[in-house]
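Here is a colleague's note for someone opening this structure. Please keep the view open while reading the points.

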Amino acid sequence: MTAEQLISFARGAPSLDIVDIEGLKAAAVRAFDADPAGITAYGTSVGYLPLRTWIAEKHGVTPEQVLITNGSLQADAFLFDHLVTAGDAVVVEKPTYDRTLLNLQNLGGKVHQVTLDADGIDTAELRALLESGVRPTLAHIIPNYQNPAGVTLSLERRHELLALASEYGFTIFEDDPYADIRFRGEALPSMLSMDTEGVVVHASSFTKTVCPGVRVGYLVGPAKLIADIAKRATNLYISPGMVSEAIVHQFCVSGDIDRSIATVSAALGERARVLAESLRARIPGVRFTEPDGGYFLWIDLPDDVHVDKVLPAAAERGVAVVKGTDFLLEGGQHSLRLAFSAVTADQIDEGVRRLAEAIDAVRG
């Protein structure tokens, strides 16, 4: 491998070798054969109805509780626009997805970041924030293999979070696109499935399990909230993309989705293992929580390593990473997010070697 070939740990996307191209091609043919009129016409703002039904069955809800969107980021945007007005308090994880921070700040929300540890959001710290008088409209939570930290919210904390939402009257936005990409440990129940008070709105996506190009995500929530957001969606675009949603539907009902999840999970499990081994071997003093699934691993570097210096030094050596400061309101100057989803196992150690070289070049 030449130094000119970029190795990118920057983007949370699957590499082409783990996308089921043949399965998607066959699903597209079946979709056009099965419902040519339905997928070539304007649809409804709630999405392609057969896929809506499949999603509802997956989550044990009624179809009226499901809205299909153009990727889960649009689901986030619809919910934020619906619930958050300028000046509203909102809770997010520390660190959290950079676009979540950006979107909430653009709406004028007063963002409170609550610490993450190996078991997810610190519910004791959240309770203290609530007891201090902060009354959030919503708490944005990525419970499984969190982006960027890679950690999973423990079952105990899922219960605690639900209890806090009920007691203090805020919505839990369970943003959960990585749940099915699990390569070790037991799957935990979603907070949506545990919710008896109607405090949870759930979002997910087929980006991580099928491919990003389909741009199919969804919201699950109380039927009235979904209906209200559907009205806004009608005014925005009449309907989302019926063709891509029908292809995803055929991909799902055929069982190809289960094979795709197995392929992606196995490949990413190996990549995460190789990445962790390489980091331990090549970067003295690095600290991280090894993820049980998902796309990302967050590393904390020694205090004499500043990521603003690491990034250009890494780029010079042909490796791309994302600095921790992008995911925080403050801090993160010694942290990096590494996405292992797009880097094949044979490239990972070389990528870490280059990163280690860049770190050595800029130390204190």
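1. Val151 sits in the loop between S6 and H7; helices (H or I, at least four residues) and strands (E, at least two) are DSSP runs, numbered from the N terminus. Val151 is buried, with a relative accessible area of 6%. Buried means under 20% relative accessible area, exposed over 50%, partly exposed in between (1.4 Å probe, protein chains only). Not counting residues up to four places away in sequence, Val151 touches Leu116, Asp117, Ala118, Gly120, Pro143, Asn144, Tyr145, Gln146 and Thr289. Contact means heavy atoms within 4.5 Å. The C-alpha atoms of Val151 and Ser190 are separated by 15 Å, and these residues are 39 apart along the chain.

2. A word on the source. This is a predicted model, in which local features need pLDDT of at least 70, side-chain atom pairs count only at pLDDT 80 or more, and totals for chains, interfaces and linings use all residues. Residues are numbered from 1 along each chain as its sequence is written, and side-chain values use heavy atoms, with hydrogens and water left out.

3. Stay with the loop between S6 and H7, where Tyr145 also has its place. Tyr145 has a positive phi of about 55 degrees, although it is not a glycine. Its relative accessibility is 4%, so Tyr145 counts as buried. A cis peptide bond joins Asn147 and Pro148, with omega about 20 degrees. Pro148 is found in this loop, which runs between strand S6 (138-141) and helix H7 (155-168). Most residues other than glycine have a negative phi, and most peptide bonds are trans.

4. Ser154 belongs to the loop between S6 and H7 too. Is Ser154 buried or exposed? Ser154 is buried, at a relative accessible area of 17%. Leaving aside neighbours within four places in sequence, Ser154 is in contact with Asp119 and Leu188.

5. The peptide bond from Lys94 to Pro95 is cis, with omega near 10 degrees. Pro95 lies in the loop between strand S3 (89-94) and helix H5 (98-106). Ile238 has a positive phi of about 65 degrees and is not a glycine. Ile238 lies in the loop between helix H9 (223-237) and H10. At 42% relative accessibility, Ile238 counts as partly exposed.

6. Now the aromatic rings. How many aromatic pairs does a search of the whole structure find? The search finds nine. Rings of Phe, Tyr and Trp (its six-membered ring) pair if their centres lie within 6.5 Å; planes under 30 degrees apart count as stacked, over 60 as edge-to-face and the rest as tilted. Trp54 and Phe206 form a tilted pair, 6.2 Å centre to centre, with 45 degrees between the planes. Trp54 lies in helix H3 (residues 49-59) and Phe206 in the loop between strand S8 (200-205) and strand S9 (217-220), so this pair ties together parts that are 152 residues apart in sequence. Phe206 counts as buried, at 4% relative accessibility.

7. Phe80 and Phe173 make another pair. Their ring centres are 5.8 Å apart and their planes stand at 85 degrees, so the pair is edge-to-face. The pair links distant parts of the chain: Phe80 is in helix H4 (residues 72-83), Phe173 is in strand S7 (residues 171-175), and they are 93 residues apart. Phe80 counts as buried at 1% relative accessibility. Phe173 counts as buried at 0%.

8. Ring pairs also link Trp54, Phe206 and Tyr218 into a cluster.

9. The axes of H3 and helix H10 (residues 242-253) come within 8 Å and cross at roughly 45 degrees. Axes are lines fitted to C-alpha atoms, for helices over the stretch in contact, and angles run from 0 to 180 degrees between N-to-C directions. That makes H3 oblique to H10; angles under 35 degrees count as roughly parallel, over 145 as roughly antiparallel, 65 to 115 as roughly perpendicular and the rest as oblique. The contact is made by Pro50, Leu51 and Trp54 of H3 and Glu245, Val248, His249, Cys252 and Val253 of H10.

10. Last, Leu129 in helix H6 (residues 123-131). Leu129 is buried, with a relative accessible area of 18%. Leu129 touches Val91, His112, Val114 and Val134, not counting residues up to four places away in sequence.
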